[in-house]
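Look over the fold below.

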Amino acid sequence: MVLEHQKDHDSQWAAIGSISGKIGCTAETLRRWVRQAERDQGMRAGPTTSDLERLKQLERENRELRQANEILRKASAYFAQAELDRRTK
């Protein structure tokens with residue numbers, strides 16, 4: 001909406017200020033949405049929405065793998081100790 005009506009205003013910020021009041025959000029919130037839309041359309045450098053979603057997914061997967069490795073490490077230590085205890089009896 002801002003990108004479409006920008007030509008009707010003196011600047012993009014003026015368009016953002018005008019439209020933000022009409023849709024009921026702050027100008028800063030709308031400015032962030034506009035910047036993200038510009039990145040998604042290739043008009044501005046930076047990570048796109050799909051890049052950010054993929055990054056979040058990879059971080060979640062990394063966290064889950066670290067937790068699984070920690071569980072396996074603890075289980076291995078537990079069973080190794082149990083094997084040592086069994087041999088001494």
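The side chain of Q36 makes a polar contact with the side chain of T49, at 3.3 Å. A polar contact here is a pair of N or O atoms within 3.5 Å; within protein, one must be able to donate a hydrogen and the other to accept it, and residues adjacent in sequence count only if both atoms are side-chain atoms. The Q36 side chain also reaches the backbone oxygen of P47, at 3.3 Å.

This is a predicted model: local features need pLDDT of at least 70, side-chain atom pairs count only at pLDDT 80 or more, and totals for chains, interfaces and linings use all residues. Residues are numbered from 1 along each chain as its sequence is written, and side-chain values use heavy atoms, with hydrogens and water left out.

Where does Q36 sit? It is found in helix α3. Helices are DSSP runs of H or I with at least four residues, numbered from the N terminus. Is Q36 buried or exposed? Q36 counts as buried because its relative accessibility is 16%; buried means under 20%, exposed over 50%, partly exposed in between (1.4 Å probe, protein chains only). Leaving aside neighbours within four places in sequence, Q36 is in contact (heavy atoms within 4.5 Å) with P47, T48, T49 and L52.

Now the other end of the scale. M1 lies in the segment before α1. M1 counts as exposed because its relative accessibility is 56%.

How far does confidence go? The mean pLDDT (the predictor's confidence in each residue, from 0 to 100) is 92, and 97% of residues reach 70 or more.

Key
Helix = DSSP H or I, 4+ residues; strand = E, 2+ residues; numbered from the N terminus.
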